[in-house]
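Subject: Structure for you to look through

Dear colleague,

I am passing on a structure that I would like you to open beside this message. Please read the notes slowly and keep the viewer at hand while you do.

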Amino acid sequence: MSLDSVTQNVDEAVSDFFEPIAKWLGEVVFYSVPVGGTELPLIVAWLVVAGLVFTGWFGLVQVRKFKLAFDVVRGKYDEKGSEGEVNHFQALTAAVSGTVGLGNIAGVAVAVSIGGPGATFWMILCGLLGMASKFVEVTLGVKYREVHADGTVSGGPMHYLPKGLKERFGSGGAKLGKVLAVLASIMILFFGLFGGNLFQTNQSYAQISSTFGGEDGFMASSAGAVLFGLVISALVGLVLLGGIRSIASVTSRLVPAMAAIYIVACLVVILGNVTAVPDAFQTILQGAFEAEGVTGGVIGALIIGFQRAAFSNEAGLGSAPIAHSAVKTKHPASEGLVALLEPFIDTVVICTMTALTIVIADPASWGEARAGESIGGVTITSDAFETVLPWFPTVLTVAVLLFAFSTILTWGYYGLKAWSYLFGKSKTSETVFKVIWSLFVILGALMSLDSLISLADSALFLLSVFNIIGLYLLAPLVKRELNSFLEFVRARKAGEISDGDDDQESAKTTV
């Protein structure tokens, strides 16, 4: 029996088993209600409402403290002797690498096809609201992280939910937090293996095989898939063995590089059609309130824009605090401010650049998709770039590989922390996980498992239910941490303390 037939049989058997489960869970998690002639998934509303609540609760922190967040990233308020493994910039890039990915390339194209150009406006708005949610969850992630004897750090919802709820509500809160933490860990682990690993490898391999040789080329064969999987698996394994320091070292170089490549390509298309820029912005703004998409008019554009932004930046899902928790700081809110830049970079900048490129280039495939034809999101984006850059498919392949590789690394770290919480932090336990993770990289190049990806998406957004319940209950503690950091910033500016001083209990101020 050939490798192709073995792979196909296993793929079909696994898909047949999981497909009914994925369908049922998807119907539950993404349950929708009719709104304005279209369907609104309640889970998207759950995430958007959280962004609205936290934006109001913290007084537009994402606007008022935007400059301070950049100052923290560049090390202006670093303190000597702070516990942690990585600096603020490395923590940010490690987390961004888990959100910036194929959704920024393909997902945005789908959004402006289904919801029309106006979906871009609502996508930006949702990204801005998500900045507040990200600030809250990351502040909690650092506040309740666990620093181990070897200096490594573990954080995330599996830590701040039980610890934070116990601090606020006693033993009853601890029990609720423990249940939420276990459920969150399972969701993170499941999505990590199938969405953060298998899917990323599968899609990057598909781009490689289509770019180099097509269906008749060596890379499209099972042997080519195995070779690709082995190479990526080996690279991932080597980096993952080094822990968050190694991951952060790689992502702090990869993320700026991949973002730069992609943004420069967008700018080339935009500047190549510079006279069309004013009309493009006008089209996006008009479309936000006079939408003409495949479905739903204005409400459809709003829902699609919110949905793609929520899927892209993961604000409120509890994944990013795992990476941010490893930061070197004595003030949890300092990293919370850094984290609010994440949805801005991911959604407001990169997703918007993709949308603007498509609207300006106006490729034929986009028109076909808006008319209702089934056109792949990557195809639309690639065609938009090709109007100015005929050789862009090769560049897009490089960008996809960088996006996918960095996402696999970051979700490997997330998955390891969830695994360690569930099965213990022994060397044997962690080695078992890393072997499983590396094997999934190889499987990703050989198998499609669409039903498992749908199941993984359901698991990820089910995580937001567990996480945001905790965020609401713990928000008063986040405000206290923000007050503490703002007092520290005031004292540092006034020269009352230096970066070598021991941190003192800060006086409370008004946010």
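This is a predicted model: local features need pLDDT of at least 70, side-chain atom pairs count only at pLDDT 80 or more; totals for chains, interfaces and linings use all residues.

Residues are numbered from 1 along each chain as its sequence is written, and side-chain values use heavy atoms, with hydrogens and water left out.

Cavities

Rolling a probe the size of a water molecule over the atoms shows where empty space is left. A cavity here is a set of points, on a 1 Å grid over the protein atoms alone, where a 1.4 Å probe fits but cannot get out, and its lining residues have an atom within 4 Å of a point. Grid points are joined across faces, edges and corners, and a volume is the space filled by probe spheres set on the points. Searching the whole structure in this way gives two cavities of 30 Å³ or more.

The largest cavity holds about 60 Å³ of space, and its lining includes Leu47, Gly51, Cys126, Leu129 and Asn313. At least two lining residues come from each of α2, α7 (119-143) and α12 (297-313), where helices are DSSP runs (H or I, at least four residues) numbered from the N terminus. Sorted by class, this lining has six nonpolar, three polar and no charged residues; Ala, Val, Leu, Ile, Met, Phe, Trp, Tyr, Cys and Pro count as nonpolar, Asp, Glu, Lys and Arg as charged, and the others, Gly among them, as polar.

The second largest cavity has a volume of about 50 Å³, and among the residues that line it are Tyr77, Asp78, His331, Ser334 and Phe485. Its lining divides into three nonpolar, five polar and four charged residues.

Leaving aside neighbours within four places in sequence, Phe485 is in contact (heavy atoms within 4.5 Å) with residues including Leu68, Val72, Tyr77 and His331.

Single residues

Not counting residues up to four places away in sequence, Thr55 touches Leu60, Gln62, Leu129 and Ala132.

Leu60 is not a glycine, yet it has a positive phi of about 55 degrees, and Leu60 counts as partly exposed because its relative accessibility is 44%. Asp362, in the loop between α15 (341-361) and α16 (364-370), also has a positive phi, near 50 degrees, in a residue other than glycine.

Thr347 belongs to helix α15 and counts as buried, because its relative accessibility is 0%. With residues up to four places away in sequence not counted, Thr347 touches Met123, Gly127, Ala309, Ser312, Asn313 and Thr352.

With best wishes

Methods. Buried means under 20% relative accessible area, exposed over 50%, partly exposed in between (1.4 Å probe, protein chains only). On a 1 Å grid over the protein atoms alone, a cavity is a set of points where a 1.4 Å probe fits but cannot get out, and a pocket is an open set with protein on both sides within 12 Å along at least five of seven lines; lining residues have an atom within 4 Å of a point.
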